[in-house]
Amino acid sequence: MLKVVDHPLIQSELTCLRDRSCPPHAFRTHVRRIASLMVPAVTENLETEPVPCETPLEVTSGARLVRPIVLAPILRAGIGFFDGFLDLLPEASTAHIGLARNEETLRPEPYYFKTPPELPEADVLVLDPMLATGGSAAEAITRLREAGARNLIFACLVAAPEGVATLEQAHPDVPIFTAALDRCLNGKGYILPGLGDAGDRIFGT
Ligand code: PRP
Ligand code: URA
């Protein structure tokens, strides 16, 4: 399942991000805002259960999430995207997944992996601003599954059709949410029109 979250506020923030003259401090702010604006769509199918609730006037029925939430940013660009999710989901715990894409092979190279104990029973939101070849997202989800994760969702800012196809083939049961579905990859594996290297633009490297 692919859902493009094309709310007007998100599209306007995304246009600022794509602009090559957007400096790192403004870039981080726009990424964080888009992430927060995406939270309602990304979490809309989380399971809830009824709970009794006593208002000052009477007893009524409320709802609570069935499972805890784990946010799983793919380092390092995922950290910038993670902040906006954590703003709205402050009780979530975090799984850190360190992957760096080899610039020649375009394959992800793992360098760090740490998950919280509630991973198996949690709703796990895997976060990365960019879905290009799809190699990093597919690898992250494979490693999370090996660590016991069962309920997974992937969210990104910009996706390429090639990355969507790879991820859907590797993990057909994982829904994909993106703020934009771009045209294609260039010869170096960058998304067109895209926004360039998200990690470099977030951290000013
Ligand atoms: C970027 C991006 C994704 C990956 C996407 O990270 O944040 O993780 O590339 O490319 P793919 O879909 O082809 O795997 P990068 O590996 O450059 O590392 P960084 O976050 O440290 O900049
Ligand atoms: N990673 C990025 O940061 N940008 C791209 O366009 C592709 C991969």
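Predicted model: local features only at pLDDT ≥ 70, side-chain atom pairs only at ≥ 80, totals over all residues.
Biologist: Glad to have you here! Let's begin with strand S8: how many of its residues are buried?

Modeller: S8 spans residues 123–127 and is mostly covered. Asp-123, Leu-125 and Leu-127 point one way from the strand, while Val-124 and Val-126 point the other way, and all are buried. The count of buried residues in S8 is therefore five of five, with buried meaning under 20% relative accessible area.

Biologist: Now to another pair, S2 and S3: how many residues lie between them in the hairpin?

Modeller: S2 (residues 48–54) and S3 (residues 59–65) run antiparallel, with seven bridges joining them. Within that pairing, Pro-50 stands opposite Ala-63 in S3. The two strands form a hairpin, and the number of residues between them is four.

Biologist: Let's turn to the ligands. What share of the accessible area of ligand 1 does the protein bury?

Modeller: Ligand 1 is surrounded by 16 residues, and the closest are Arg-76, Arg-101, Asp-128, Thr-133 and Ser-136. Polar side-chain atoms lie by its oxygen atoms: one of Thr-133 at 2.5 Å, and one of Ser-136 at 2.6 Å. Taken alone, ligand 1 exposes 500 Å², and the share buried by the protein is 90%.

Biologist: Which element gives the most to the shell around ligand 1?

Modeller: The elements that give two or more residues to that shell are strand S6 (96–101), strand S9 (130–131) and helix H4 (135–146). With three residues, the one that gives the most is S6.

Biologist: Which backbone comes within 2.9 Å of an oxygen atom of ligand 1, and in which pocket is that ligand?

Modeller: The backbone N or O atom at 2.9 Å from an oxygen atom of ligand 1 belongs to Gly-134. As for the pocket, the space taken by ligand 1 is the largest pocket.

Biologist: What percentage of the accessible area of ligand 2 does the protein cover?

Modeller: Among the residues surrounding ligand 2 are Arg-101, Met-130, Tyr-190 and Asp-197. A backbone N or O atom of Ile-191 lies 2.8 Å from an oxygen atom of ligand 2, and a polar backbone atom of Ala-198 is 2.8 Å from an oxygen atom of that ligand. On its own, ligand 2 has 230 Å² of accessible area, and the protein covers 89%.

Biologist: Which residue has a polar backbone atom 2.8 Å from a nitrogen atom of ligand 2?

Modeller: Ligand 2 sits in the largest pocket. The residues around it include Gly-189, Gly-196 and Ala-132. The polar backbone atom 2.8 Å from the nitrogen atom of ligand 2 is that of Gly-196.

Biologist: One last thing, about Ile-10: why does that residue count as buried?

Modeller: Ile-10 lies in helix H1, residues 8–18. Ile-10 counts as buried because its relative accessibility is 0%.

How values were computed. Residues numbered from 1 in each chain as written. Chains lettered and ligands numbered in written order. Heavy atoms only, no water. Buried < 20%, exposed > 50% of the residue type's maximum accessible area, 1.4 Å probe, protein only. Near = heavy atom within 4 Å. Polar contact = N/O pair within 3.5 Å; in protein donor to acceptor, adjacent residues only side chain to side chain. Areas by Shrake-Rupley, 256 points an atom, 1.4 Å probe, with all protein chains shown as cover. 1 Å grid on protein atoms, 1.4 Å probe; cavity = no way out; pocket = protein on both sides within 12 Å on 5 of 7 lines; lining within 4 Å. Sits in = over half its atoms within 2 Å of the grid points. Pairing = 2+ DSSP bridges.
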